Amino acid sequence: MSKPTSKKVIKWGIIGLGNIAHKFAEDLVTLNDSKLYAVASRSQQKANDFASKYNAIKAYDSYESLAKDPNIDAVYIATPHVLHQENTLLCLENGLAVLCEKPFAMDINEVNEMIEQAKAKNVLLMEALWTYFLPHYEYVLKALKDKIYGKVLKLEADFGFFRAFDNSSRLFNKSLGGGSLLDIGIYPIFCALSSLGIPKNITATATYFENGADSSCDMVFEYKNATTAILKSTLLKDTPGEAIFYCEKGIIKINGGFHAPTTVTLMPDNSNLETLNFGYNTNGYNYEILHFNELLRNNKTESDVMTFKFSEQLIKTLDLVRSIIDLKY
């Protein structure tokens, strides 16, 4: 009797070693089918420290060196927004599959170039919008599709937290794509697009820090079927961080931190509410990693969930909101 074949262990590299890279690495090392093989920073000491913490084999002081390592299967790009296109093209040019943190790039032109390069090289590329792969979010999307409470009448989704303004921080640095819209406003927009589709009309207003980065953005998406989505992002205050779907016969609420591992509360019109717990015990990045690993093993070059078309729709919507509020980078 032949032994069952084990899954190929995917050897990962990480480019950009900030906070989100730490969370990603914490989840990556919990997976039996994955290995953190190499990390890269512009600082050798930072790379060494990160590699030591997560038992990576290689620590590079340049992104180019990591991209040329023949032992790597996939790269997670976690650099500032303005570097996503450049870093992605570098890895694709070297034949490495790329999972690039959201936003995919700064605008539709950059995203188009990334996708064209991936197709030309026949290499897997995906935007790392982890929420799409979280079990609670998958549950809600199915519940909405099945219309368990009828048609959606209104969506309210927000993401906000307070940070004291710091011009030296990436979060507030306009030249790095900082500000509320690209950093956190992308999540309420993602929620609307993934659940309701493309709106027929968008209105938006914003406030700004002294350096020109947007401090908050309020948006209303209007749909042909009279459904509306009221969306908000802000760096000026803490907000509930909920996504609430008001339907004909009840309410589906993704509780605080809707974009991250959380619970879902069902509130039908005719009975008591029920809160569903999805048993999370990680940061939640493992779900998108598992999806990406399977795509890679099956020689896929595009995700069937986070498709190129969806990433294009998402960045086009962000571009449109930016034009409405006159936000230029």
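This is a predicted model: local features need pLDDT of at least 70, side-chain atom pairs count only at pLDDT 80 or more; totals for chains, interfaces and linings use all residues.

I started at the end of α4, where G95, just after the helix, takes a positive phi of about 80°.

**α4.** I then went back over the helix itself, residues 84-93. Seven of its 10 residues are buried, so I wrote it down as mostly covered. The buried ones are H84, Q85, N87, T88, L89, C91 and L92. I looked up what sits over them, and the cover includes the strands β1 (10-15), β4 (74-77), β5 (97-101) and β6 (125-128). Helices α3 (63-67) and α5 (108-121) are part of that cover too.

**α6.** Which residues of α6 are buried? In this helix, residues 135-145, I get H136, Y137, V140, L141, A143 and L144. Looking down the axis, I find them within an arc of 160°, so they line one face of the helix. For packing partners of the buried residues I listed β7 (152-160), α7 (180-196), β11 (243-247), β12 (250-254) and β13 (264-268). After α6 comes K147, and its phi is positive, near 55°.

**T262.** Next I checked T262, in the loop between β12 and β13. Buried or exposed? T262 has a relative accessible area of 11%, and the cut-off for buried is under 20%, so I count it as buried. Its side chain reaches the backbone oxygen of G256 at 3.1 Å. Skipping neighbours within four places in sequence, I find T262 in contact with H136, I254, N255, G256, G257, F278 and Y280. H136 was already in my notes as one of the buried residues of α6.

Most residues other than glycine have a negative phi, and most peptide bonds are trans, so I went looking for exceptions. The bond joining K102 and P103 is cis, with omega about -15°. P103 lies in the loop between β5 and α5.

N122 has a positive phi near 60° and belongs to the loop between α5 and β6. I have N122 down as exposed, at 58% relative accessibility. N299 also has a positive phi, near 60°, and I found it in the loop between α8 (286-297) and α9 (308-325). Its relative accessibility is 67%, so N299 goes down as exposed, the cut-off being over 50%.

Notes. Residues are numbered from 1 along each chain as its sequence is written. Side-chain values use heavy atoms; hydrogens and water are left out. Buried means under 20% relative accessible area, exposed over 50%, partly exposed in between (1.4 Å probe, protein chains only). Helices (H or I, at least four residues) and strands (E, at least two) are DSSP runs, numbered from the N terminus. The arc is that of the directions from the helix axis to the C-beta atoms. Contact means heavy atoms within 4.5 Å. A polar contact is a pair of N or O atoms within 3.5 Å; within protein, one must be able to donate a hydrogen and the other to accept it, and residues adjacent in sequence count only if both atoms are side-chain atoms.
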